[in-house]
Amino acid sequence: MGPTPHIAVIGGGSTGAGIARDLAMRGLDVTLVEQGNLTHGTTGRMHGLLHSGGRYAVSDQASATECIEENRVLRDIASHCVEMTGGLFVKRPEDSEEYFQKKLSGCEECGIPAEVVSGEEARAMEPHLAKDIDKAISVPDGAIDPFRLVVANAASAQEHGARIETHSKVTDLLVESGEVVGIEVEHDSGPGKRVHGTEGGTEQIRADYVVNATGAWAGRIGDMAGLDIEVRPSKGVMTIMNIRQVDTVINRCRPKGDADIVVPHETTAILGTTDEEVEDPEDYPEEQWEVDMMIDTLSELIPMLDEARTIRSFWGVRPLYEPPDVGSDDPTDITRDFFLLDHDERDDLPGMTSIVGGKFTTYRMMGEQIADHVCGKFGIDADCRTADVPLPGSEDFSVLRDYMDEFGLRSPIGRRSVERLGSRADEVLNTDGPNPTVCECEGVTRAEIQDAIEGSGSDLNAVRIRTRASMGNCQGGFCSHRMASELHSEYDEPVVREAWDELLQERWKGQRHALWGEQLSQAALNYALHATTQNRDQDPADGDPVDFSAFDSGRGQTGGSVDSADVAADGGTNGY
Amino acid sequence: MAIESEVLVIGGGLGGLTSALAAAREGADVRLVSYKQSTLRQASGLVDVLGYTPDGDGPLTDPYEAIPTLPAEHPYRKVGVQTVRDALSLFDDAVPTYEGDHTDANALLPTHGGSIKPTARYPAGASAGLASDTRDTLLVGIEEMVDFDAPHVAAHLDATGVPFDVRGETIRFPGDLRADAKVTRYAKLLDTNSEVAVRGRMVPAREALAQRVNPLLEDEQRVGFPAILGDDNPGAIRDALSDHLGVDVFEVPMGPPSLPGLRLEDALFAALDEAGASIETGNPVVDFEGEDRIEKVFIEKNGARIPNSADQYVLATGGFVGKGVESDREGVYEPVFDCHVPHAADRYDWFEGELFGDHEFARYGVATDDDLRPLDASDDREFENLRAAGSVLGGYDFAAEKSGSGVSIATGYAAGQRAAQEAR
């Protein structure tokens, strides 16, 4: 074997990070580039369901079988990212009995442990289910934190020598003599960790092979080399509730439809979703009716949702792909399977493969197949180990003991930190100084914030996805300035201010879709705290110079106003 | 038989307290009822009158000068400049621990995030911290307190162009408080001046705090702390620290829970009590009777509905934050008397895409005539004997203008005074 091949992986979602980890563990030299934060595209905009496969047990049994296999793998290797909530497919009286039976037998055929429970039993498990739910099928669905998972994959890749570049947008594919030989990227703020206010630059990254794992953006990358990759982006809305109305994943047991799933997630529950084809993965309408439909339709399963508090909504785009000869009209008909497009075989352009379609739950399996494919190109015979080696944080999950006394943290903050950090808890929480809580809603302490800053630079949104800070009820109203302050020891004030503004704006973006009732009260309070108490909307640091001497400089102090104002002409009722 | 009074004020925030105080000083028999803790605990405790125009001009040096240029629906335009001045005089008299009345000019105060903001009245505890004061400044943060990072605040203040040098230092607070201790714990320790262990020796807390700061002080002439310097005896604590340090000491106002806000609330309740008003807190107004006139309201207390009747009523229940204005997916409403709240039919028109955009929701509240009586959708009075004051009023964006306290005090004063005059 010659020198180690260098592989450039484009895309920092679950697929790209999974591929990078796999290749790096097989000893290849890997550079991963991502235009935003890790998970920026589709992965960070999903409901975080760890599929049991039950969802596809009727329509797509091959996918269903893959899901249950990977479900078991992820419980092992990513235990600190997974909560095994269990799932229910619930049947309302108007839903078809025939479909219910098909779902049940489908699960059995695919090896998915499934059991019928009566309406009463289902309500005993989930007391807020509608009283007229007939029955349900219980399956091993779970919740998985996509942010934590992708960060752990990237960290593992890094440990195996990979270079990870976020905020680095691919601006061109380098093609020489009819072959892809690398990529050109524009670094938002220079290579390495992101630092606000730092000038970026363009870099040519030459590689022996390029993997395009950009999902809904795959067509854009293809265009750069004149390739035609017909991804059909399909948008879906997700609405986040401020509490977990259910502790089990609730699916509606009917063929397909919008608004048919609720996934409990950390302190929240996520309602999903819709499936609607869009032209542009970055620019599509986000509409009120979509949010209303989530609440109204899912209230048929869980009536209390109708009156409950939502904290924000967000939209994601699925990178659906269908081979050119199928021609479905409805995006819900398009397979969730993934496709490996070897552009040498397909388009006579060697040096690059694109990966399109696929599902989050099977990201690792996809990574394995791509890595096999890439290794095959170079005649490398190396085994895939990603199904056996735990991700950083999940090496020894027995550490999930009670750390509260050890780190002087009160419940439930200590417990939550340890759940998030897994086996990294010792390393992160063992600090010299005091470790106060920075984000009260999500129970995130200074030590966790500092650890995230170390990993991601001045980007507070990257800190957010690593820690969950600012993702609770108040949506950053009480903690964003605290998070910004945590940057200050390492970064200059203008950098901190820019990062702070960016976090505030990002938090506002999703909250706009929840502005009624309690969350409108919260938004009004947040607005008052930032604009009134802190004057951040008119911050003189961002604006024109202020003529300080024209203002009150205090009774008896020498200074502008005492000279210019009529001192105590009203009699000075206060005395001094 | 109902509990009777001449003027019944609903709401215990700045608007309600000023209404009740104005009515009581006018000689009326006043009763104030409030439900939850007021939003004063979330406010900085500064009394803003007007810092920016609705177009964003500012910081304004003279708030009074700009008032006549405000839009006609602005509450200040309903009551007029002279009433704003009279109302502030009432405030100055009722809360003598506040300063700023020696000049019409706004003051600029440092905020806990490091920006500065214009305000008209400030607690004595903040007065040595004015940003137009040119004395060099040391800010002291507490290692365990995440709301005030002194080096960061100092750097941000410097970026605003303040006319002095400012530096931030961080200390461990003496007394071994927990890492997540509430601000009231710090205040309590300083209020009681309990002894704490410093290198094996017991020292009173105020002295111990000063000892931590002393070695850090260079040639600065003033030292600023986050607003934790006592709840009951803030003046004595500042004096003690000033003596130990040999320089002036001030507090930087903070976010919730805000001690300056709580102290202001206490001062106003004390003034109201002294003026002879009846005060009842902790129970909500849940219903009322009356068509053109409000005959009585019902207060829910331990499950019972207690009737209260008055000649005149003041609605001072707050805005969205205080829950005096509420909303659901269909619309915006005022929950006590169901007064009309003008708003856009489509809830996606309530807000803007930018965080600090020109949000309509920020101006939602009841509309009134020039006598502060709420108007229905046809611009007729909702009730003959109801006036509204404070954040329940619409037509102004207090956060953008920095006018929240001023509007509450001015409209509270006008509503209370007129209610009393009419009841007599």
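How far apart do the C-alpha centres of domain 1 of chain B and domain 2 of chain B lie? In this predicted model, the two centres are 33 Å apart, the domain bounds being those of an automatic or database domain assignment, which divides chain B into domain 1 (1-98 + 259-421) and domain 2 (111-251). Local features need pLDDT of at least 70 and side-chain atom pairs count only at pLDDT 80 or more, whereas totals for chains, interfaces and linings use all residues; side-chain values use heavy atoms, with hydrogens and water left out. Residues are numbered from 1 along each chain as its sequence is written, and chains are lettered from A and ligands numbered from 1 in the order in which they are written.

In chain B, 20 residues of domain 1 are in contact with 18 residues of domain 2, contact meaning heavy atoms within 4.5 Å. About 1,500 Å² is buried between domain 1 of chain B and domain 2 of chain B, with 60% of it on carbon and sulfur atoms; buried area is the accessible area (1.4 Å probe) that two parts lose on being put together, summed over both. Of the area that domain 1 of chain B buries against domain 2 of chain B, 40% is supplied by B:Leu46, B:Leu259 and B:Arg263, more than by any other three residues. Three salt bridges are counted between these domains of chain B, a salt bridge being a side-chain nitrogen of Lys or Arg within 4 Å of a carboxyl oxygen of Asp or Glu. B:Asp92 and B:Arg121 form a salt bridge in which the closest N and O atoms are 2.8 Å apart.

Chain A is assigned domain 1 (4-40 + 145-229 + 332-376), domain 2 (81-142 + 232-319) and domain 3 (413-532). The C-alpha centres of domain 1 of chain A and domain 2 of chain A are separated by 31 Å, and their contact takes 14 residues from domain 1 and 13 residues from domain 2. The area buried between these two domains of chain A is about 1,300 Å², of which carbon and sulfur atoms give 52%. A:Ala216, A:Trp217 and A:Thr332 account for 35% of the area that domain 1 of chain A buries against domain 2 of chain A, more than any other three residues. Three salt bridges are found across the interface of domain 1 of chain A and domain 2 of chain A. In chain A, the side chains of A:Arg220 and A:Glu282 meet in a salt bridge with an N to O distance of 3.5 Å.
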